[in-house]
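You asked for a colleague's reading of this model before going through it yourself. Please keep the sequence and the structure side by side while you read.

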Amino acid sequence: MTPFVRPDRCCPKCQHKGYLFRARRTVEAADGKFVETKYRCRVCPHQWWERVPAPPVQKPADEAA
Ligand SMILES: [Zn+2]
């Protein structure tokens, strides 16, 4: 399993690296599923959504006949 690497995220408005998690939602687009996460900057009122491809659905391992 590939470990999830946290990107070096910062506020798009003031480039501050401190942020707060606000919300998460899954969206279905024409080219696949995405997870959108809402963040809020710690030092300015800016909030933004970040979209990443949704992780692939793991097939249950006990299906082997
Ligand atoms: Zn900011």
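The numbered points below go from the chain as a whole to its sheet, and then to a single residue.

1. Please bear in mind from the start that this is a predicted model. The chain has 3 strands and 0 helices, and its elements, read from the N terminus on, follow the pattern β-β-β.

2. Of its 65 residues, 2% count as buried, where a residue is called buried if 20 or more other C-beta atoms lie within 10 Å of its own. Among the contacts between residues at least 6 apart in sequence, 31% join residues that are at least 24 apart.

3. The 3 strands form an open sheet in the order E1-E2-E3, and the pairing is antiparallel. The edges are taken by strand E1, residues 19–29, and strand E3, residues 47–53, each of which pairs on one side only. From one strand to the next, the twist averages 25°. As a general point, the strands of a sheet pair through backbone hydrogen bonds, and this pairing may be either parallel or antiparallel.

4. Turning to the pair E1 and E2, these strands are antiparallel and are paired over 10 bridges. They are joined as a hairpin through 2 residues. To find this pairing in the structure, one may look at arginine 24, whose bridge partner in E2 is threonine 37.

5. Strand E2, which covers residues 32–41, is joined to E3 by 7 bridges, and the two run antiparallel. Here too there is a hairpin, with 5 residues between E2 and E3. A position at which to check this pairing is glutamate 36, which stands opposite arginine 51 in E3.

6. Where does glutamine 15 lie in the chain? Glutamine 15 is placed in the segment before E1, and it has a positive phi of about 65° although it is not a glycine. In general, most residues other than glycine have a negative phi.

7. Is glutamine 15 buried or exposed? Glutamine 15 has 8 other C-beta atoms within 10 Å, and because a residue with 12 or fewer such atoms is called exposed, glutamine 15 counts as exposed.

Note on methods: Residues are numbered from 1 along each chain as its sequence is written. This is a predicted model: local features need pLDDT of at least 70, side-chain atom pairs count only at pLDDT 80 or more; totals for chains, interfaces and linings use all residues. Helices (H or I, at least four residues) and strands (E, at least two) are DSSP runs, numbered from the N terminus. Two residues are in contact if their C-beta atoms, placed from the backbone, lie within 7 Å. Two strands pair if DSSP finds at least two bridges between them. Axes are lines fitted to C-alpha atoms, for helices over the stretch in contact, and angles run from 0 to 180 degrees between N-to-C directions.
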